[in-house]
Amino acid sequence: RVDLAVFKKAKHPIVPIKIIADFYLIDGSGSMGGKWRPWTNAIAYWRPKHSKVYVANTGYIPHKSNLQNIKPAGGTEIHYALWALLDRIPPGKTLLIISDFRSSVPLTPRERERINQKAAERGVKISYIKL
């Protein structure tokens with residue numbers, strides 16, 4: 001779906017892309033710098049009150065930081081964060097991953113299968129947006 005708005009002088013906010021999940025995992029690496037803001041805005045706009053947002057980053061991000069104040073930087077291995085996060089997500093919940101998946105340590109087919117198996121065993125439905 002694409003929303004277009006053409007105005008002569010009036011300013012009207014454009015509603016961000018609708019993305020709704022129970023849990024969000026966002027790649028906070030430097031390669032996400034130019035792609036970061038539209039997605040964090042969409043999460044801030046649509047996120048249900050019960051949902052949780054996690055940012056994968058190799059640097060330190062203080063607990064309960066405001067998502068709008070986090071700046072993507074450094075490296076990240078989104079798959080490591082995903083593996084750890086799967087242990088925290090209750091069965092039957094949804095996880096949305098937003099990443100460019102530019103990992104310096106690519107997954108082997110066996111590792112990919114283990115992640116899928118862990119998600120299936122935990123009953124977690126994983127969706128992703130690859131940038």
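How many helices and strands does the protein chain have? In this predicted model, the protein chain contains three helices and four strands. Read from the N terminus, the elements follow the order β-α-β-α-β-α-β. The C-alpha trace spans about 55 × 30 × 30 Å along its principal axes. Of the chain's 131 residues, 33% count as buried. Among contacts between residues at least 6 apart in sequence, 81% join residues at least 24 apart.

**Helix α1**

- The buried residues of α1 are Trp36, Trp39, Thr40, Ala42 and Ile43. They cover an arc of only 155° around the axis and therefore lie on the same side of α1.
- The cover over these buried residues of α1 includes the strands β1 (23–27), β2, β3 (94–99) and β4.

**Helix α3**

- Helix α3 comprises 14 residues, 109–122, and at 1.5 Å a residue it should span 20 Å. Its end C-alpha atoms are 20 Å apart, in agreement with that expectation.
- Within α3, the residues Ile115, Lys118 and Ala119 are buried. Seen down the axis of α3, the buried residues fall within an arc of 100°, so they line one face of the helix.
- An α-helix has 3.6 residues a turn, so residues three or four places apart point the same way.
- Pro109, Arg110, Ala120 and Glu121 are exposed on the other side of α3.
- The packing partners of the buried residues of α3 are α2 (78–86) and β4 (125–130).
- Gly123 follows α3 and has a positive phi, near 75°.

**Largest pocket**

- The largest pocket holds about 830 Å³ of space. Its lining consists of 26 residues, and those nearest the pocket centre are Val53, Tyr54, Val55, His63 and Lys64.
- The elements that contribute two or more residues to this lining are α1 (36–46), β2 (52–56) and α2. The greatest contribution comes from β2, with five residues.
- By class, the lining of the largest pocket has 14 nonpolar, seven polar and five charged residues.

**Second largest pocket**

- About 370 Å³ of space lies in the second largest pocket. Of the 13 residues in its lining, His79, Phe101, Leu107, Arg112 and Tyr128 are the closest to its centre.
- At least two lining residues of the second largest pocket come from each of α2, α3 and β4. Both α2 and β4 also pack against the buried residues of α3.

**Gln68 and its contacts**

- Gln68 is located in the loop between β2 and α2. Its relative accessibility is 26%, and Gln68 therefore counts as partly exposed.
- With neighbours within four places in sequence left aside, Gln68 is in contact with Arg37, Thr40, Asn41 and Ala44.

Methods: Residues numbered from 1 in each chain as written. Predicted model: local features only at pLDDT ≥ 70, side-chain atom pairs only at ≥ 80, totals over all residues. Heavy atoms only, no water. Expected span 1.5 Å × (residues − 1). Buried < 20%, exposed > 50% of the residue type's maximum accessible area, 1.4 Å probe, protein only. Arc of directions from axis to C-beta. Contact = heavy atoms within 4.5 Å. 1 Å grid on protein atoms, 1.4 Å probe; cavity = no way out; pocket = protein on both sides within 12 Å on 5 of 7 lines; lining within 4 Å. Points joined across faces, edges and corners; volume = space filled by probe spheres on them. Nonpolar A, V, L, I, M, F, W, Y, C, P; charged D, E, K, R; others polar.
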